[in-house]
Amino acid sequence: MDLKRRTLRHVDQTEFEHFLKYGEQAYGLSRQEIQGYDHELGVERAFDSVEHSYAEDFYFDLLVDEQLIGRVLLLKMGHYFQLDLMIFDSYSGRGFGTKAVQQALEQSDVLAVYEVRARVLPTSPHQEIASQILKTNGFVKQDDYFSKGRRKRYSLQRP
């Protein structure tokens, strides 16, 4: 499995079909948001989301034999990064998610400074496997999210 970093958030037909199937339950997307993706995909059935791409974020494609099997996103949310993981159905249950999270954290090096958080919605059909992927990668369950690392805090000392 290879992780390929993109500079822009990319959405294509494969991801859109995943959103159609799991968007509301697993990702908390409204029907209106999913319809918005469909509109932006246009006739090309793919788009780079320039207005929703930021230099400090990490967008990774997961590839096996050059085939896209999922995505990992690390999105800067102020004082922490949010981890989003998507493994397409035909590749689920093969350990790719666990490896992808590990590699994305290593390649991005965000844990050197930031906490990383991930939410697994209770309505998600992937709740059990997603929780296991996070725990295997050292995430700890907090109230309604998983976290790993801590934001480094600095204090100024007076002379």
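Tutor: Let us begin with the second largest pocket, whose lining residues divide into 5 nonpolar, 3 polar and 4 charged. Please keep in mind throughout that this is a predicted model, and that the values we discuss are computed from it.

Student: How much space lies in the second largest pocket, and which residues are the closest to its centre?

Tutor: The second largest pocket holds about 160 Å³ of space. Of the 12 residues in its lining, those closest to the centre are F19, L20, E24, R31 and I34.

Student: Which element provides the largest share of that lining?

Tutor: A lining can be read by asking which elements contribute to it. Here the largest share comes from α1, with 8 residues, and both α1 (13-27) and α2 (31-41) supply at least two residues each.

Student: How many cavities of 30 Å³ or more does the structure hold, and what is the volume of the largest cavity?

Tutor: A cavity differs from a pocket in that a probe of 1.4 Å fits inside but cannot get out. The structure holds 1 cavity of 30 Å³ or more, and the volume of the largest cavity is about 30 Å³.

Student: Which residues line the largest cavity, and which element gives the most to that lining?

Tutor: The lining of the largest cavity consists of R6, R9, H10, Y59, F60, D61, R71 and L73, which by class amounts to 3 nonpolar, 1 polar and 4 charged residues. Strand β4 gives the most, with 3 residues, while β2 (9-12), β4 and β5 each supply at least two.

Student: Where in the chain do these elements belong, and in what order do the elements of the protein run from the N terminus on?

Tutor: The protein has 4 helices and 9 strands, and read from the N terminus on, its elements run β-β-α-α-β-β-β-β-α-β-α-β-β.

Student: Is D65 buried or exposed, and is E66 buried or exposed?

Tutor: The label follows from the relative accessible area, with exposed meaning over 50%. D65 counts as exposed because its relative accessibility is 74%, and E66 is exposed because its relative accessible area is 70%.

Student: And S147, is that residue buried or exposed?

Tutor: The opposite label requires a value under 20%, and S147 is buried because its relative accessible area is 3%. S147 sits in strand β9 (residues 146-148), where its side chain makes a polar contact with the side chain of Q142 at 3.0 Å. Leaving aside residues up to four places away in sequence, S147 touches E115, V116, R117, G138, F139, V140 and Q142.

Student: Why does S131 count as buried, and which residues does S131 touch?

Tutor: S131, in helix α4 (residues 127-136), counts as buried because its relative accessibility is 13%. Residues up to four places away in sequence aside, S131 touches V120 and F146. S131 and R119 are 12 residues apart in sequence, and their C-alpha atoms are 9.1 Å apart in space.

Student: Why is Q13 partly exposed?

Tutor: Partly exposed is the label between the two cut-offs, and Q13 receives it because its relative accessible area is 24%. Q13 belongs to helix α1, and although Q13 and G42 are 29 residues apart along the chain, their C-alpha atoms are separated by 10.0 Å.

Conventions: Residues numbered from 1 in each chain as written. Predicted model: local features only at pLDDT ≥ 70, side-chain atom pairs only at ≥ 80, totals over all residues. Heavy atoms only, no water. Buried < 20%, exposed > 50% of the residue type's maximum accessible area, 1.4 Å probe, protein only. Polar contact = N/O pair within 3.5 Å; in protein donor to acceptor, adjacent residues only side chain to side chain. Contact = heavy atoms within 4.5 Å. 1 Å grid on protein atoms, 1.4 Å probe; cavity = no way out; pocket = protein on both sides within 12 Å on 5 of 7 lines; lining within 4 Å. Points joined across faces, edges and corners; volume = space filled by probe spheres on them. Nonpolar A, V, L, I, M, F, W, Y, C, P; charged D, E, K, R; others polar.
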